[in-house]
Amino acid sequence: MKSPYVNELEPNKLITTSFLVHSKEIRQKKSGEFYLSLLLADRTGELDAKMWDNVAEVIDAFDRDDFVRVKGLVQIFHNRPQMTIHKVRLMDDSEIDFGDYFPSSRRDQDEMWRELRGIVAGIANVHLKGLLCAVLDDEEIARRYRRAPAAKHIHHAFLGGLIEHVLSLCGLARMAAQHYSFIDADLLLTGAILHDIGKIYELNYERGFSYSNDGQLLGHIHIGLRMIADKLRDLPQFPPALRSLVEHMVLSHHGKLEFGSPKVPQFPEALMLHYLDDMDSKMESMRALIQSDRQVEGCFTAYNTALERSVLKKDLFLNPPGISSEPLASPPLAPLPLAPLPLPQDALPQEPSAASPPVKDELPQEATPKAPAAAPPAATVRNGAPKSDSAFADKLKQALQPAGASEGK
């Protein structure tokens with residue numbers, strides 16, 4: 001087993017490991033010297049690599065789809081890991097465990113094949129069932145169908161990807177047929193199983209994923225129609241109208257002319273197949289992009305040309321590094337202000353009355369001690385008049401008396 005894998009590489013460390021060469025370009029420095037720009041890969045992802053020095057010694061030693069052992073330094077460049085290669089050598093196939101370098105389905109291929117045959121066995125339409133059995137009973141088709149990827153790069157681009165994609169579509173097709181009562185479930189399932197059948201010959205997947213000569217010249221839609229026609233020659237009782245529906249579903253499953261479909265979907269099962277196929281491929285593309293993204297910082301992936309967007313890494317967005325995912329304890333609540341108690345009636349401010357003018361500098365009513373009720377003291381009388389409170393008051397009273405009042409004494 002190789003070690004480390006791409007997803008285990010750490011920056012600023014010198015490592016020695018092996019890779020599959022996905023691409024190799026010979027470029028020129030400003031000085032005129034050559035350097036190598038490589039895309040290296042294993043089953044966990046891809047890694048950009050550059051070899052700046054001693055290129056002449058290895059420039060013809062290996063090529064694309066070869067296995068190489070490299071020694072180099074991994075660093076971060078433009079927010080992504082990149083290796084500067086110091087040494088590289090071609091590896092012999094005897095040194096290779098192919099499972100280390102090719103991504104593959106997490107599901108067992110034989111298990112998926114049994115599930116697919118079970119779906120075919122449950123189809124009620126004898127003509128559609130007979131066509132599917134004729135295709136899948138072919139040993140070469142069966143071998144390739146188990147192993148083929150569903151695409152070179154865009155979706156389910158791993159060994160066993162085609163059959164995993166088809167099984168996912170079959171599950172979606174069953175649910176759609178239950179929801180829309182006018183959908184023919186057998187016809188929709190047949191379209192799901194056969195729509196990408198041509199990919200088993202469109203792609204090469206022995207030492208890497210690439211297009212075959214027929215894949216370049218014809219494409220999987222035409223190859224698939226040719227395969228179906230070969231099997232229908234042995235099924236003379238197959239209804240011609242039903243054959244046209246099956247062929248139309250294969251022709252139109254990309255949905256639009258600009259997406260490579262010679263025809264657009266023109267009946268419900270064909271349109272449903274297109275939408276389910278498109279949805280399943282995009283969901284897998286998002287999952288794979290998030291899983292394999294090598295951006296060091298941020299919670300968005302690099303821009304994806306197939307999806308025409310960057311994708312949010314939701315788990316990282318919700319749980320940033322270094323921040324606990326535990327909910328924060330609620331702070332203690334501040335005490336609520338108490339409402340003022342109602343004052344007694346005798347403590348409320350009173351309107352001044354004319355009979356008893358307010359006294360200045362009077363203490364607040366609640367601060368004035370209450371004396372027990374008692375009879376008012378008898379006024380002191382002097383010369384038949386109440387005793388004044390002060391000498392100034394006596395003089396004022398005398399001044400206000402009418403003339404001659406004091407002469408009657």
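Phe67 counts as buried, at 1% relative accessibility, where buried means under 20% relative accessible area, exposed over 50% and partly exposed in between (1.4 Å probe, protein chains only). The model is predicted, so that local features need pLDDT of at least 70 and side-chain atom pairs count only at pLDDT 80 or more, while totals for chains, interfaces and linings use all residues. Residues are numbered from 1 along each chain as its sequence is written, and side-chain values use heavy atoms, with hydrogens and water left out.

Aromatic rings of Phe, Tyr and Trp (its six-membered ring) pair if their centres lie within 6.5 Å, with planes under 30 degrees apart counted as stacked, over 60 as edge-to-face and the rest as tilted. The count by this rule is seven aromatic pairs. In one of them, the ring centres of Phe67 and Tyr101 are 4.9 Å apart and the planes stand at 65 degrees, so the pair is edge-to-face. Because Phe67 lies in strand β4 (residues 67-77) and Tyr101 in the loop between β5 (80-90) and α1, this pair ties together parts that are 34 residues apart in sequence. Helices (H or I, at least four residues) and strands (E, at least two) are DSSP runs, numbered from the N terminus. Tyr101 is also buried, at 3% relative accessibility. One aromatic cluster is formed by Phe67, Phe98, Tyr101 and Phe102.

Turning to another part of the model, Ala288 belongs to helix α10 (residues 268-292). Ala288 is partly exposed, its relative accessible area being 28%. Between the C-alpha atoms of Ala288 and His156 the distance in space is 8.3 Å, although the two are 132 residues apart in sequence.
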